[in-house]
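This briefing covers the fold, the nonpolar core, the sheet and the helix packing of one protein. Please read it alongside the sequence and the model.

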Amino acid sequence: MSESEQWQAKWHGLQDILGPKWTLHILRLLSEGPQGFNGIQRELNGLTAPMLSQRLKELRCHGLVERMVADTTPPTTTYSLTEQGTEIATQLRELEPLVELHEPGDDPETDGCSPTSQECRDEALTTGCVTAVDRC
């Protein structure tokens, strides 16, 4: 396998693991500490129980999340990051400073958004926009 094929295969793998909707949000939340199923769902607005269940199963299969069931009545289920999950979440959190959120009203003409992000605004956010930090 050529070097190009190798990195492409790795990036396809990253997309398969991290690409599904809500996956990054769940990893980010669990990076703050273990959470119960209902706690995760309450914290992540718009995440349905079936979707959360599916994502947690996928993350467990990939070895990023572990599920612990306490012998209580009713049973208490807690989810936390594995060592590998913690490593990935830590790397992802280091990307947060590279993104800026602009709220409506930041700039009367553009709300703080570039013309390009203005065009894409409706695809990602109902209000405001997300842009890369201007390092110029």
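A nonpolar core is here a set of buried Ala, Val, Leu, Ile, Met, Phe, Trp, Tyr and Cys residues joined through side-chain atoms within 4.5 Å. Buried means under 20% relative accessible area, exposed over 50% and partly exposed in between, with a 1.4 Å probe and protein chains only. The model is predicted: local features need pLDDT of at least 70, side-chain atom pairs count only at pLDDT 80 or more, and totals for chains, interfaces and linings use all residues. Residues are numbered from 1 along each chain as its sequence is written, and side-chain values use heavy atoms, with hydrogens and water left out.

**Overall fold**

- The protein has six helices and five strands, where helices (H or I, at least four residues) and strands (E, at least two) are DSSP runs numbered from the N terminus.
- Along the sequence these elements follow the pattern α-α-β-α-α-β-β-α-β-α-β.
- Of the 136 residues of the protein, 24% count as buried.
- Among contacts (heavy atoms within 4.5 Å) with a separation of 6 or more, 46% are between residues 24 or more positions apart.

**Nonpolar core**

- The largest nonpolar core holds 17 residues, of which Ile26, Leu30, Ile40, Leu44, Leu47, Leu56 and Val65 touch the most other members.
- Helix α2 (23–30), helix α4 (49–61) and strand β3 each supply at least two residues of this core.
- The largest share, four residues, comes from α2.
- Leaving out residues up to four places away in sequence, Ile40 touches Leu29, Leu30, Gln35, Leu47, Leu52, Leu56 and Tyr79.

**Sheet**

- Three strands form an open sheet in the order β1-β3-β2, with antiparallel pairing; two strands pair if DSSP finds at least two bridges between them.
- β1 (35–36) and β2 stand at the edges with a single partner strand each, so one side of each has no neighbour in the sheet.
- Strands of a sheet pair through backbone hydrogen bonds, either parallel or antiparallel.
- Six bridges join β2 (residues 65–70) to β3 (residues 76–81) in the antiparallel sense, and the two strands form a hairpin with five residues between them.
- Along this pair, Glu66 stands opposite Ser80, Met68 has Thr78 as its bridge partner, and Ala70 stands opposite Thr76.
- β1 and β3 also run antiparallel and are joined by two bridges.
- The bridge partner of Gly36 in β3 is Thr78, which is also the bridge partner of Met68.
- α4 lies across β2 and β3 and runs at about 110 degrees to β2.

**Packing of α2 against α4**

- The axes of α2 and α4 come within 10 Å and cross at roughly 75 degrees; axes are lines fitted to C-alpha atoms, for helices over the stretch in contact, and angles run from 0 to 180 degrees between N-to-C directions.
- The two helices, α2 and α4, are therefore roughly perpendicular to each other, on a scale where angles under 35 degrees count as roughly parallel, over 145 as roughly antiparallel, 65 to 115 as roughly perpendicular and the rest as oblique.
- Thr23, Ile26 and Leu27 of α2 meet Leu52, Arg55, Leu56 and Leu59 of α4.
- The residues of this contact divide into five nonpolar, one polar and one charged; Ala, Val, Leu, Ile, Met, Phe, Trp, Tyr, Cys and Pro count as nonpolar, Asp, Glu, Lys and Arg as charged, and the others, Gly among them, as polar.

**Packing of α2 against α5**

- The axes of α2 and α5 (residues 83–93) come within 9 Å and cross at roughly 100 degrees.
- α2 and α5 are therefore roughly perpendicular to each other.
- From α2, Leu24, Leu27 and Arg28 meet Ile88, Ala89, Leu92 and Arg93 of α5.
- By class, the contact of α2 with α5 has five nonpolar, no polar and two charged residues.

**Two individual residues**

- Thr23 lies in helix α2 and counts as buried, at 1% relative accessibility.
- Apart from neighbours within four places in sequence, Thr23 is in contact with Ile17, Leu18, Arg55 and Leu59.
- Glu43 lies in helix α3 (residues 37–43) and counts as exposed, at 51% relative accessibility.
- Glu43 and Ile26 are 17 residues apart in sequence and 9.6 Å apart in space, C-alpha to C-alpha.
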